[in-house]
Amino acid sequence: MFDTVLIANRGEIALRIIRTLRRLGIRSVAVYSDADAGARHTREADVALRLGGGYLDIGQILAAAAETGAQAVHPGYGFLAENAAFARRCAEAGLVFVGPPPEAIEAMGDKIRAKATVSAAGVPVVPGGAVPADDLAAAAERVGFPALIKPSAGGGGKGMVLVHSAAELPDALESARRTAAAAFGDATLLIERFVENPRHIEIQVMADTHGNVIHLGERECSLQRRHQKIIEEAPSPLLDAATRASMGAAAVEAARSVGYVGAGTVEFIVQGTTADYYFMEMNTRLQVEHPVTELVTGLDLVELQLRVAAGEPLPLAQDEVRLNGHAVEARVYAEDPSRGFLPTGGRVLALREPEGVRVDSSLMVGGVVGSDYDPMLSKVIAWGPDRAGALRRLDGALAATTVLGVPTNIAFLRALINHPEVAAGDLDTGLVERHLDELVPGEGVPADVLTAAALVLHQEHVPSVPADPWDVPDGWRLGEAAWTTWRLESRDGVAEIRVRGLPETGAEVRSLDGDPDPSRATLSRDGGDLLVTHGGTARRYALARDGGTIWLGRDGDTWALTRRHLGDPADRAGVGGSADGVVRSPMPGTVLVVKTSVGEQVAEGQPLLIVEAMKMEHTVTAPIAGVVAELPARAGQAVGMDAVLAVVRHEEAS
């Protein structure tokens, strides 16, 4: 076994690897970019070295390994995990690459070549096969619609575009090629027939250098958004023992066909509720969702990777693999489901992660979530003796998770795992899109949250000794107690709450936007939490402050409310644009493409710019028809959320 291992990655996977290295008594070396200086993985590793060129600078990573005496490099997933050139450079430097041989990476990294290889080994492939997209229109005619355009060198759903007709091909091709080049350094595309209502089921394989290849069961990964997984579970609620054995055997043959070594995942598309399955791709690395396999098998996959890389044989045979109970994983992202899952960001002001379940996380109070990397923050993984029990535990764990300062998808995840079709195991990759209106919380801040924020402000700003009513500039009339009006702005608009009395002993509150009748409310503090009783119901909230903004969290959901002074304009623009023609960035990121110019006449809904963050593109369109009067955004420019990108005015072009 190794004495020192360098981890060529960041975030929660770096911390996950550190945990196993620590248990095995192996010294861990972390590396970090300037954007990650002080990040949690740099604090928990035994040694941390700065990479001036970032995580893809192979030369600096190899230099860091030499400087620290590392014998092996673990790439985690993403970044360099599927880079054959990096694996070769490690070998040339005398380092063990904790992953498959470069030849296996190359064979499976090219999806066109991979499908041909496994098909020759008897593994079923998607009907219609994969066609190189040199002539996309001709390829689409052969494959038929709907068709899926994919980067040949890609993974993780990045760059995939579903096309329903030939008219959609030009824009789809442009976007897919741009994303493929940026994410994978290779703009080669393929097109294949899209399987309707598919399930995404993958098999975990493990192979050693002694010719042993086994599988560790399957993972159901059908719950996705933007072609990326958000909920994964093991085992699949669809498969019976016979289908599991058949798919497992096919995955083992796929791995053998390329001389595979280490941990890998063979991904299959399953047609509806049938037992028909087709090879989609092989990910030649550890997967984000590997914890659910660990929980049902009792195996540490990172430890197995390290032992195989050190030349040891696998410690168990196929007939010794046992699946016990059920495990479900939810990915917590810095994203806004109500804005099409666009990335968010910010500084973590308060953090509470659940106990009694597994949490793989890179979060810490004070940490900054920017637009440099993937928006995944953590993974919450629950085990139960059966599927229903695992889902209940996961729901409770998500409800107990609080991240204040960074908008997340936690409330959406809870809604998703409680959806009747999910509870019944009736899954497919289109479920989220079909039921999005049900799964995304409605607009508006709940009345109890507005009341809690108003009580906090009232407690902080109204003195405990009653003021002279003539000095209270709001709403007082002779013969009654004075009301104080608190105007609270959220991304959904502005609300006004009136309060009179002292929150600790019992105050009266009323909303100027709702029921005008006063109701009774009290507020007390329990450590960092608020306890608020309103309308006969007592609720607990997490609280954090960021300047004039109050962050409140309850049951996994969060709200940011900013105090406005009376008389301030409440005209914040909506997503992407506003009725007055101001076009704002829907997320923090970088302007990739500017498709318009000042003075151009544009139609409502016409694409104006493309903003990219965390390898995700979003097209910003004109909110109204008119003329582009202002265009402060430039290609390559970094922009914050709600930054003004353009202004469109109602006027004819001169």
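**A guided look**

Guide: Let's start with burial: 54% of the 654 residues of the protein chain count as buried.

Visitor: What makes a residue count as buried?

Guide: Buried means under 20% relative accessible area, exposed means over 50%, and partly exposed is in between, with a 1.4 Å probe and protein chains only. Keep in mind that this is a predicted model, where local features need pLDDT of at least 70, side-chain atom pairs count only at pLDDT 80 or more, and totals for chains, interfaces and linings use all residues. Residues are numbered from 1 along each chain as its sequence is written, and side-chain values use heavy atoms, with hydrogens and water left out.

Visitor: How many helices and strands does the protein chain have?

Guide: There are 17 helices and 39 strands. Both are DSSP runs numbered from the N terminus: helices are H or I with at least four residues, strands are E with at least two.

Visitor: Why are α12 and α13 called roughly antiparallel?

Guide: The axes of α12 (residues 387-399) and α13 (residues 410-417) come within 10 Å and cross at roughly 160°. Angles under 35 degrees count as roughly parallel, over 145 as roughly antiparallel, 65 to 115 as roughly perpendicular and the rest as oblique. The pair is therefore roughly antiparallel. Axes here are lines fitted to C-alpha atoms, for helices over the stretch in contact, with angles from 0 to 180 degrees between N-to-C directions.

Visitor: Which residues make that contact?

Guide: From α12 come L391, L394, D395, L398 and A399, and from α13 come I410, L413, R414 and I417. Contact means heavy atoms within 4.5 Å. By class, that gives seven nonpolar, no polar and two charged residues. Ala, Val, Leu, Ile, Met, Phe, Trp, Tyr, Cys and Pro count as nonpolar, Asp, Glu, Lys and Arg as charged, and the others, Gly among them, as polar.

Visitor: Where do α3 and α4 touch?

Guide: I58, G59, I61 and L62 of α3 meet F86, R89 and C90 of α4. This contact has five nonpolar, one polar and one charged residues. The axes of α3 (residues 58-68) and α4 (residues 84-92) come within 11 Å and cross at roughly 35°.

Visitor: What makes R226 partly exposed?

Guide: Its relative accessible area is 33%, so R226 falls in the in-between class. R226 sits in the loop between β11 (213-225) and β12, and has a positive phi near 55° without being a glycine. D555 also has a positive phi, about 55°, and is not a glycine. With a relative accessible area of 44%, D555 is partly exposed, in the loop between β30 (549-554) and β31 (557-564).

Visitor: Why point those out?

Guide: Because most residues other than glycine have a negative phi, and most peptide bonds are trans.

Visitor: Which bond joins F145 and P146?

Guide: A cis peptide bond, with omega about 0°. P146 lies in the loop between α7 (136-143) and β7 (147-151). The bond from A234 to P235 is cis as well, with omega near -5°.
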